[in-house]
Amino acid sequence: ALFRRRPHLGLRQHPRKGKADHRDCSACALASIYSDWSYVANQAGHTDDSWRLAEKALQLAREGTDERVLGQVHNILGILSRGRGELSGAEDHLTRCLEIAEGSQDAGMRIAALNNLASLYAETGRLDEASPCARDAHV
């Protein structure tokens, strides 16, 4: 979360250089950390690092029991996939994020997934699908 608030610090300036301390963290907590690092790396233009961190986050989230963390990871993977031009993969990840958000009743995650899906659908000319997502994100 620190890096999200202060992205100018940069991933590479972190004292552990992107390495998490596994001694005191559960798989879900680590997955959340890796997901945040992935987001920051992506914002800083480090797309390869971002993808690697997101894949590690997904591995850890699957080991854990918190579906909301898994949803968070699918959201960042959806964003990254879209940035790589992998639109089908982006849709799969964002749809999975939305399913998790609705199942866990996480309003913030639901809004993020709907907004990202709306943007993806609009980008691909699927306005009939984009409009309801955008509308539902603001209800």
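Author: The expected span of a helix is 1.5 Å times one less than its number of residues. That rule is applied below to a predicted model.

Reader: What makes the span of helix 6 close to the one expected?

Author: Helix 6 covers residues 107-123 and has 17 residues. From its first C-alpha to its last it reaches 24 Å.

Reader: Which residue caps the N-terminal end of helix 6, and how do you know?

Author: Asp 106 does. One of its side-chain oxygens lies 3.2 Å from the backbone nitrogen of Gly 108. A polar contact needs N or O atoms within 3.5 Å, so this pair qualifies. Just after helix 6, Gly 125 takes a positive phi of about 80°.

Reader: Which residues of helix 6 are buried, and what covers them?

Author: The buried ones are Met 109, Ala 113, Leu 114, Asn 116, Leu 117, Ala 118, Leu 120 and Tyr 121. Their cover includes helix 4, helix 5 (87-104) and helix 7 (127-137).

Reader: Why is Ser 81 called buried?

Author: Its relative accessible area is 1%. Buried means under 20%, so Ser 81 counts as buried. Ser 81 lies in helix 4 (residues 67-83). Leaving aside neighbours within four places in sequence, Ser 81 is in contact with Trp 51, Glu 86, Gly 89, Ala 90 and His 93.

Reader: What lies over the face of Trp 51?

Author: Arg 84 does, at 4.1 Å from the ring centre. The distance limit for a charge over a ring is 6 Å, so 4.1 Å falls inside that limit.

Reader: Why is the pair of Tyr 34 and Trp 37 called an aromatic pair, and what is its geometry?

Author: A search of the whole structure finds 1 aromatic pair. The ring centres of Tyr 34 and Trp 37 are 5.4 Å apart, and pairing needs centres within 6.5 Å, so they pair. Their planes meet at 80°, and over 60 degrees counts as edge-to-face, so this pair is edge-to-face.

Reader: Where do Tyr 34 and Trp 37 lie, and are they buried or exposed?

Author: Both are in helix 2 (residues 27-43), 3 residues apart, about one turn of the helix. Tyr 34 and Trp 37 are both buried.

Reader: What is the secondary structure of the protein chain, and how much of the chain is buried?

Author: The chain has 7 helices and 0 strands. Along the sequence the pattern reads α-α-α-α-α-α-α. Of its 139 residues, 40% count as buried.

Notes: Residues numbered from 1 in each chain as written. Predicted model: local features only at pLDDT ≥ 70, side-chain atom pairs only at ≥ 80, totals over all residues. Heavy atoms only, no water. Phe/Tyr/Trp six-rings, centres within 6.5 Å; stacked < 30°, edge-to-face > 60°. Helix = DSSP H or I, 4+ residues; strand = E, 2+ residues; numbered from the N terminus. Buried < 20%, exposed > 50% of the residue type's maximum accessible area, 1.4 Å probe, protein only. Lys NZ or Arg CZ within 6 Å of the ring centre and 35° of its normal. Contact = heavy atoms within 4.5 Å. Polar contact = N/O pair within 3.5 Å; in protein donor to acceptor, adjacent residues only side chain to side chain.
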